[in-house]
Amino acid sequence: MVAPPDDDVLWARSVHCSLEGSPALSGVSLGVREGHVLAVRGPRACGKTTLLRCLSGQLVPQEGEVWFDGHPVHTLSRAQRERLRAERFAWIGPEPSLVPELNGWENAALPLLLRGTSQRAAKAAAMEWLERLDVADCAGRKPAALPRHRRQRIAVARALTARPTVLFADEPTASLHASDRAQVLRTLTTAARSHGVTVVLATLDEDAAALADHCLPLVDGRRADAATPEAEGQEACSLSV
Amino acid sequence: MLALRLARGSRLLVQLRRLLVAAASAGVGFLLLCTLMWAVGHPEGALLRLLWCAVPAAAAVQLAVAVARTDPGTRPRPGLSAIGLGPVRLTAYATVTTAASCVLGSLFALLAFWHLRGDGSGLPLDGASRRLLAGNGTVPAGAVVLLLAAVPVLASAAVACALRPSVRERAAAKPGTTSAPAGLPWGVALTAAGLAVETYASGGGDRTPLPLPGRFEGSPAGVLGGWALTAVGLALAGPGISHLCGWLLQSARPGAVRLLAGRALMSQARSIGRPLGVLCAVVSGTFAAAALYGPGDRRPYGVLTGLGAVLVIGCALASVLTAAAEAVHSREETNSALGEAGTPAAVLRAAAGVRVLALAAVFAPLTWIVAELAAAPLGR
């Protein structure tokens, strides 16, 4: 993780971000190499989602820099960041947030349709990914008629159909049972590796982190593995109760 | 008290919608009071006038239900559920809020009535309509209270029925259904039958149990029946027509914008189509009614007729706008998820615009055709 920034497709330097007044990230730096899987691990409310949102350009950090592919992300305008997200990034959330009116393959093909791909080509690409993720039988059905783990697989297919450079997965298995969790994660990381997609994966559990190339432990908006300033916060913690 | 406290803290747009309900209630209350005073002076024929007031009253009640349904304060919220304010008590809250808006309107109607009748306060318009509203000088207090309570009681009862927790659960259980609503064939049949009845009846004789305003000479009961059938038919057909619009939009190899717009329209056809159908019926009915009036009428166009017409049209329009606001709100979650996935906001705006255009392109000509067909036999 100490590789020079030139090798990294995505890197951030001392990102500070506060949400509605409360600090979420205080000085996080990281870099991800192309085609690698980075797991951001930590308990709830440690800033995982905020970090992913900063890296993917949904949020602009108050301080610090985010660079993608040699270009700054934090200085782009809202429209430029939107285009970057649509063309180079993909996002999988904790909930399989599919469009309820569209059926399986239409949901998976939506990113391609948004780029203006013809319907035939978009459907072919979407069906290919649905088959690879073992949900081809859900192609013609609405999300409401499907169990949650199948919906989440369709969300994974939607993210991969777009052929993104970086895939952000924010606790993609948070709402699944243990057996489905392992399967979804394995298919996600395998598919990403075989297509050279860089993955930034936010997760709570260690098993998921084991599938990654690198792990970034995050506690209270700081990297837990970074050299901590001496006894910082000791004073503040010694409350008498 | 909690209802009032919650109501006070809500957003401007929500307050504006509640104010619309209050205004509708005030309008209906004023109409009812005017009818009452006319009845005190002329006992014969008063029942008919009272019955005509049922049309604006129904419109006001429908608006109250539409507003209560979209009121963000009446949706189950985790914060309130945590303190024990679940769906059942929220229904009660919605009922109380509606009753409060309507009572406010009724009180305003009473004040306006008192003032126009001449309360001697010396403000402008004091006693401006003394001749119309004075009757023979006495005001039956019991009747006034009964009539002013009518809209608040009816509206609250309708809201309590429409927002029962069981009804809400059923509505929330089926997100994203795009199956066609069932009413289209019935709606078309009823509309056509209504127009036919009206055309047939307008050629009838001069024996009139229900005299229409203006200079109409045909059989008014038949014409009114025909209108009513047409209106019911349009209200029934509204969801089906909206669904058809959506289906047409998303057919034939759509791109992302057409696909999103069409499917959203198909899934919202039920909620948005009903008020649109009602608006279509009301507007075409208004055009047809305008054909009744002309120079030298026996029963000319009056202020109160105008007030009633404005109330009915206003309520129908406000219901459509409220349903549209609800539709926008119900898409918020999907849209934010699409935004996370990188969908440009311009695409979502374009999809919304295409939906509005498609609906306008279908409903505007439809309204015009029905209005022309309904007015054709009346203008002869």
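1. Chain B is helical in its secondary structure: it has 15 helices and 0 strands. Keep in mind that this is a predicted model. Of the 380 residues of chain B, 44% count as buried.

2. Look next at how chain B is held in contact along its sequence. Take the contacts with a separation of 6 or more. In chain B, 77% of these come from residues 24 or more positions apart. The chain exposes about 18,700 Å², and carbon and sulfur atoms supply 71% of that area.

3. Now the inside. The largest nonpolar core has 102 residues. Leu130(A), Leu167(A), Leu188(A) and Leu260(B) have the most contacts inside this core. Helix 2 of chain B, residues 12-41, gives the most to it, with 11 residues.

4. Return to Leu130(A), one of the residues with the most contacts inside the largest core. Which residues does Leu130(A) touch, leaving out those up to four places away in sequence? They are Gly104(A), Trp105(A), Ala108(A), Val135(A), Ala136(A), Ala139(A), Ile154(A) and Ala157(A).

5. Chain A has an open sheet of 4 strands, in the order 2-1-4-5, with antiparallel pairing. Its edge strands are strand 2 (22-33) and strand 5 (71-72), and each pairs on one side only. Strand 1 (residues 8-19) of chain A pairs with strand 2 over 9 bridges, in the antiparallel sense. Find Leu10(A): it stands opposite Val32(A), which is in strand 2.

6. A helix covers part of this story too. Helix 1 of chain A, residues 48-55, packs on the sheet. This helix touches strand 1, strand 2 and strand 4 (63-68) of chain A. The direction of helix 1 makes about 60 degrees with that of strand 2.

7. Finish with one loop residue. Glu95(A) is found in the loop between strand 6 (89-92) and helix 3 (104-114) of chain A. How does Glu95(A) count: buried, exposed or partly exposed? Its relative accessible area is 46%, so Glu95(A) is partly exposed. Glu95(A) touches Arg148(A), Gln152(A) and Ser175(A), not counting residues up to four places away in sequence. Glu95(A) and Pro172(A) are 77 residues apart in sequence, yet 7.3 Å apart in space, C-alpha to C-alpha.

Note on methods. Residues numbered from 1 in each chain as written. Chains lettered and ligands numbered in written order. Predicted model: local features only at pLDDT ≥ 70, side-chain atom pairs only at ≥ 80, totals over all residues. Heavy atoms only, no water. Core = buried A, V, L, I, M, F, W, Y, C linked by side-chain atoms within 4.5 Å. Buried < 20%, exposed > 50% of the residue type's maximum accessible area, 1.4 Å probe, protein only. Helix = DSSP H or I, 4+ residues; strand = E, 2+ residues; numbered from the N terminus. Contact = heavy atoms within 4.5 Å. Areas by Shrake-Rupley, 256 points an atom, 1.4 Å probe, with all protein chains shown as cover. Pairing = 2+ DSSP bridges. Axes fitted to C-alpha atoms, helices over the stretch in contact; angles between N-to-C directions.
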